[in-house]
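Let's take a friendly walk through this structure, stopping at a pocket, a helix and a single residue. Please keep the model open beside you as you read.

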Amino acid sequence: DGKKEKTYCQLLCLLAKLFLDHKTLYYDVEPFLFYVLTFRESDGYRTRAYFSKEKQSAERYNLSCILTLPPFQGEGYGRFMIQFSYELSKKEFKLGKPERPLSDLGL
């Protein structure tokens with residue numbers, strides 16, 4: 001939750017800005033929820049991908065920004081995150097769609 005973990009979410013957005021040319025939002029994270037895919041390794045947890053979505057979206061977006069870190073692209077994490085965003089929409093009884101443009105770096 002961008003409101004509860006503001007610094008962590010801002011850092012996620014700044015990380016995404018390194019790879020996404022059109023990424024503009026990185027300070028105003030409070031209206032967003034962040035979903036982070038991590039894997040446990042011998043020395044701790046490592047982030048592979050994340051997506052964010054607006055808590056209240058007038059346009060009914062179920063996904064605002066998505067990033068799969070470059071070493072893990074092409075391994076299906078982006079597709080998994082997109083599918084997960086649709087499953088969340090179903091659980092919330094909200095039909096939704098991703099915000100455009102959807103970056104190819106998300107997949």
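## The second largest pocket

The second largest pocket has a volume of about 160 Å³. Please bear in mind that this is a predicted model. The pocket's lining is made up of 13 residues, and those lying nearest its centre are Ser 57, Arg 60, Tyr 61, Glu 92 and Lys 94. S2 and strand S3 (61–63) are the elements that give two or more residues to this lining.

Buried in H1 are Cys 9, Gln 10, Leu 12, Cys 13 and Ala 16. They span an arc of only 155° around the axis, so they sit on the same side of H1. An α-helix has 3.6 residues a turn, so residues three or four places apart point the same way. The buried residues of H1 pack against strands S1 (32–41), S2 (44–54) and S4 (65–68). On the face turned away from that buried side, H1 carries the exposed residues Thr 7 and Leu 11.

## Met 81 in helix H2

Met 81 belongs to helix H2 (residues 77–91). Is Met 81 buried or exposed? Its relative accessibility is 3%, so Met 81 counts as buried.

Leaving aside residues up to four places away in sequence, Met 81 touches Tyr 35, Leu 37, Ala 49, Tyr 50, Phe 51 and Ile 66. Thr 68 is 13 residues from Met 81 along the chain, and their C-alpha atoms are separated by 9.2 Å.

Key:
Residues are numbered from 1 along each chain as its sequence is written. This is a predicted model: local features need pLDDT of at least 70, side-chain atom pairs count only at pLDDT 80 or more; totals for chains, interfaces and linings use all residues. Side-chain values use heavy atoms; hydrogens and water are left out. Helices (H or I, at least four residues) and strands (E, at least two) are DSSP runs, numbered from the N terminus. Buried means under 20% relative accessible area, exposed over 50%, partly exposed in between (1.4 Å probe, protein chains only). Contact means heavy atoms within 4.5 Å. The arc is that of the directions from the helix axis to the C-beta atoms. On a 1 Å grid over the protein atoms alone, a cavity is a set of points where a 1.4 Å probe fits but cannot get out, and a pocket is an open set with protein on both sides within 12 Å along at least five of seven lines; lining residues have an atom within 4 Å of a point. Grid points are joined across faces, edges and corners, and a volume is the space filled by probe spheres set on the points.
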